[in-house]
Amino acid sequence: MNGSIPILRIGEILVASVQTELRDRVANAFQEDVLNTLETTGATGLVIDISGLEVVDTYVARVLAETGQMAKLMGASTVLVGMRPEIAATLIRMAYPMGGIDTALNLQEGLALFGRRKKKKK
Amino acid sequence: MSGETLERSEMKIDSEDDIILVRRKVRDFASACAFDVFATSAVTTAASELARNVWTHAGGGFATVEKVSEDARLGVRAEFRDNGPGIPDIERVLAGGYSTARTMGLGLSGSKRLVDEFEIESAPGRGTRITFTKWARY
């Protein structure tokens with residue numbers, strides 16, 4: 001890993017908690033770390049926790065959505081969790097299209113979502 | 001734009017880190033004006049968008065962040081200036097459909113939606129000046 005955003009593995013799911021400002025370089029390193037870790041672990045899911053972010057502007061929103069799209073190309077689905085109420089309101093008031101990414105209230109709900117999907121498949 | 005300036009901070013936008021510094025200053029003034037978390041998020045995000053536009057499209061510029069008052073209400077005003085390429089079709093950009101660097105259209109039109117007053121002065125080759133004000137609600 002070369003970025004400053006740690007990526008943890010819980011079973012078949014990767015959990016990334018974004019606690020730091022997503023500068024250009026951090027954002028690129030994060031995306032590359034996610035893709036490399038997907039390859040080496042064979043994980044099928046990615047949870048991105050943004051509860052530590054105070055501001056999500058269109059740049060950060062695009063980085064997050066792109067990361068989900070990249071993960072999808074590698075066969076993993078992404079759930080964005082932990083968005084603060086004021087950030088949800090701000091993004092919708094800006095008419096930013098976040099529709100492409102699955103979301104859950106918090107980390108626990110995000111992981112539970114993957115658990116339910118797995119059960120359905122069986 | 002109307003109102004009286006109570007406090008002013010002149011800032012340079014010379015790096016990505018400066019975007020964060022501008023945002024922090026806006027957040028400080030929002031807090032001093034007793035903005036709630038929703039209004040604080042709105043004004044901080046708008047500042048972040050516009051500071052990032054200055055950095056991305058013009059390679060740098062200046063921001064003036066102010067705490068203002070008018071008729072016993074407080075507000076945050078920010079002005080962003082650059083000598084970049086300018087915006088050729090402001091109406092279209094504000095409609096959200098136009099983008100030179102992917103995020104610009106949504107960033108500008110979105111910022112306008114987040115604040116109470118919004119002004120753009122820009123012409124191709126003559127830079128851009130954008131000013132907004134957001135007032136506290138009591």
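Reader: At what angle do helix α1 and helix α2 of chain B pack, and how far apart are their axes?

Author: This is a predicted model, in which local features need pLDDT of at least 70 and side-chain atom pairs count only at pLDDT 80 or more, while totals for chains, interfaces and linings use all residues. Residues are numbered from 1 along each chain as its sequence is written, chains are lettered from A and ligands numbered from 1 in the order in which they are written, and side-chain values use heavy atoms, with hydrogens and water left out. Helix α1 (residues 16-32) and helix α2 (residues 37-58) of chain B pack at about 155 degrees, and their axes are 9 Å apart; axes are lines fitted to C-alpha atoms, for helices over the stretch in contact, and angles run from 0 to 180 degrees between N-to-C directions.

Reader: Why is α1(B) called roughly antiparallel to α2(B)?

Author: Angles under 35 degrees count as roughly parallel, over 145 as roughly antiparallel, 65 to 115 as roughly perpendicular and the rest as oblique. The angle here is about 155 degrees, and therefore α1(B) is roughly antiparallel to α2(B).

Reader: Which residues of α1(B) meet α2(B)?

Author: Among those of α1(B) are Ile19(B), Val22(B) and Val26(B), and the residues they meet in α2(B) include Val43(B), Ala47(B) and Trp55(B), contact meaning heavy atoms within 4.5 Å.

Reader: What makes strand β2 of chain B largely enclosed by the rest of the structure?

Author: Buried means under 20% relative accessible area, exposed over 50%, and partly exposed in between, with a 1.4 Å probe and protein chains only. Nine of the ten residues of β2(B), residues 61-70, are buried, so this strand is largely enclosed by the rest of the structure.

Reader: How do you know that β2(B) pairs with strand β3 of chain B?

Author: Strands are DSSP runs (E, at least two residues), as helices are (H or I, at least four), numbered from the N terminus, and two strands pair if DSSP finds at least two bridges between them. β2(B) and β3(B), the latter residues 73-82, have nine bridges in the antiparallel sense, with Val65(B) opposite Ala78(B). Strand β1 (residues 4-13) of chain B also pairs with β2(B) in the antiparallel sense over nine bridges, and there Glu4(B) has Ser69(B) as its partner.
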